[in-house]
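Here's a quick tour of one protein model. Have the structure open as you read.

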Amino acid sequence: MESRPVKGGDFLMSPAYKQDVVGLHFTWFKYPEKVKRAIAKVQEWLRAYIVAVHWGKLFYLNEREVGEMYQGRVSEFKSLQRQMDPRGVFINSFFLDQN
């Protein structure tokens, strides 16, 4: 596991939106079922803290859970995404599945 400080910024969907945070990063090996179980345990452990998932990392949460982590910014992001990318060229499957 790696932990490091992350300076806050203005990117709406950043885990460090307007606040400095500590990032926890895990390196996983190629054992998909073991990794899935481990991620579930880590996610459960982190629920006691104020956390937000990193979009480029593997996680097993639904839109409601992610929305809670991002304090309502998911709907703001979706509105901005529809305005800036009405054809959905740059949206990923996670958000497509949630519309």
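## Ground rules

Helices (H or I, at least four residues) and strands (E, at least two) are DSSP runs, numbered from the N terminus. This is a predicted model, with local features needing pLDDT of at least 70, side-chain atom pairs counting only at pLDDT 80 or more, and totals for chains, interfaces and linings using all residues. Residues are numbered from 1 along each chain as its sequence is written, and side-chain values use heavy atoms, leaving out hydrogens and water.

## Overall layout

You've got 4 helices and 2 strands here, running β-β-α-α-α-α along the sequence. The C-alpha trace spans about 40 × 30 × 20 Å along its principal axes. Of the 99 residues, 27% are buried (under 20% relative accessible area, 1.4 Å probe, protein chains only).

## The largest pocket

Strand E1 (2–6), strand E2 (21–25), helix H1 (32–46) and helix H2 (63–69) each put at least two residues into the lining of the largest pocket.

## Asp-85

Now look at the loop between helix H3 (73–84) and helix H4 (93–98), where Asp-85 sits. Asp-85 is buried but has no salt bridge, and the nearest side chain of opposite charge, Arg-87, is 6.0 Å off. (A salt bridge takes a side-chain nitrogen of Lys or Arg within 4 Å of a carboxyl oxygen of Asp or Glu; Lys and Arg count as positive, Asp and Glu as negative, with His and the chain ends not counted.)

What does the side chain of Asp-85 reach? That would be the backbone nitrogen of Phe-90, at 2.7 Å. Setting aside neighbours within four places in sequence, Asp-85 is in contact (heavy atoms within 4.5 Å) with Phe-90 and Ile-91.

Technical notes:
Buried < 20%, exposed > 50% of the residue type's maximum accessible area, 1.4 Å probe, protein only. Polar contact = N/O pair within 3.5 Å; in protein donor to acceptor, adjacent residues only side chain to side chain.
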